[in-house]
Amino acid sequence: MAIILLETVNGTIREIFIAPVLGDLHARQLGIPIACVIVFLIAWATIRWMGAATRQLQLFVGIWWAVLTLAFECILGRMLGFSWSRILADYDPTRGGFMLLGLAFMVFAPQLAAKLRRP
């Protein structure tokens with residue numbers, strides 16, 4: 001829930017302040033590294049609390065984060081009236097979409113956070 005909440009705030013700020021200056025596509029592209037930082041900070045702050053002590057559990061958590069995020073993005077996009085073409089453009093590198101990179105990072109963020117949190 002923390003990821004979705006903070007990413008929604010990120011998206012709102014992006015649409016209100018950044019998109020009018022950079023344009024929609026460039027604002028969405030810039031949003032991906034910002035989203036990765038947010039996801040990593042959440043992973044770093046919660047990895048011990050999650051109890052995902054093994055690499056397999058960390059990967060499982062990351063995959064679920066990515067699946068739930070993808071579902072949320074699709075549902076929210078449709079609720080906001082975006083076409084499937086517009087939603088899928090965010091995942092298509094040939095159309096300037098970097099969301100696949102963001103989701104890939106999300107899958108491995110718990111493992112990276114666990115590695116960096118180890119004493």
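Analyst: Helix packing and pockets

Helices α2 and α3 are oblique to each other. The model is a predicted one. The axes of α2 and α3 come within 12 Å and cross at roughly 135°. Angles over 145 degrees count as roughly antiparallel and those from 65 to 115 as roughly perpendicular, so this pair falls in the oblique class. The crossing of α2 and α3 is right-handed. On the α2 side the contact uses Val39, Ala43, Ile47 and Met50, and on the α3 side Gln58, Val61 and Trp65. By class, this contact has 6 nonpolar residues, 1 polar and no charged.

Helix α1 covers residues 2-22 and helix α3 residues 55-79, and the two pack at an angle of about 45° with their axes 11 Å apart. That angle makes α1 and α3 oblique to each other as well, and their crossing is right-handed. Ile3, Ile4 and Thr8 of α1 make the contact with Trp65, Thr69 and Phe72 of α3. Here the count is 4 nonpolar, 2 polar and no charged residues.

The remaining pair is α1 with α2. These helices pack at about 150°, with their axes 9 Å apart, which means that α1 is roughly antiparallel to α2. The crossing is again right-handed. Residues of α1 in this contact include Ala2, Ile3, Leu6, Glu7, Asn10 and Arg14, and residues of α2 include Asp24, Arg28, Leu30, Ile34, Ile38 and Val39. The contact of α1 with α2 divides into 13 nonpolar, 3 polar and 5 charged residues.

Which residues lie nearest the centre of the second largest pocket? They are Met1, Ala2, Ile3, Ile4 and Trp65, out of 13 lining residues. Helices α1, α2 and α3 each give two or more residues to the lining, with the largest share, 5 residues, from α3. The lining has 11 nonpolar and 2 polar residues, with no charged ones.

The largest pocket holds about 700 Å³ of space. Its lining has 33 residues, and those closest to its centre are Glu7, Gly11, Arg14, Glu73 and Asp90. At least two lining residues come from each of α1, α2 (24-50), α3, α4 (84-89) and α5 (99-117). Helix α2 gives the most, with 8 residues. By class the lining has 15 nonpolar, 11 polar and 7 charged residues.

Arg86 is located in helix α4. Leaving aside residues up to four places away in sequence, Arg86 touches Asp24 and Arg28. Arg86 and Gly23 are 63 residues apart in sequence, and their C-alpha atoms are 15 Å apart in space.

Key: Residues are numbered from 1 along each chain as its sequence is written. This is a predicted model: local features need pLDDT of at least 70, side-chain atom pairs count only at pLDDT 80 or more; totals for chains, interfaces and linings use all residues. Side-chain values use heavy atoms; hydrogens and water are left out. Axes are lines fitted to C-alpha atoms, for helices over the stretch in contact, and angles run from 0 to 180 degrees between N-to-C directions. Helices (H or I, at least four residues) and strands (E, at least two) are DSSP runs, numbered from the N terminus. Angles under 35 degrees count as roughly parallel, over 145 as roughly antiparallel, 65 to 115 as roughly perpendicular and the rest as oblique. A crossing is left-handed if the near helix is turned anticlockwise from the far one by less than a right angle, and right-handed if clockwise. Contact means heavy atoms within 4.5 Å. Ala, Val, Leu, Ile, Met, Phe, Trp, Tyr, Cys and Pro count as nonpolar, Asp, Glu, Lys and Arg as charged, and the others, Gly among them, as polar. On a 1 Å grid over the protein atoms alone, a cavity is a set of points where a 1.4 Å probe fits but cannot get out, and a pocket is an open set with protein on both sides within 12 Å along at least five of seven lines; lining residues have an atom within 4 Å of a point. Grid points are joined across faces, edges and corners, and a volume is the space filled by probe spheres set on the points.
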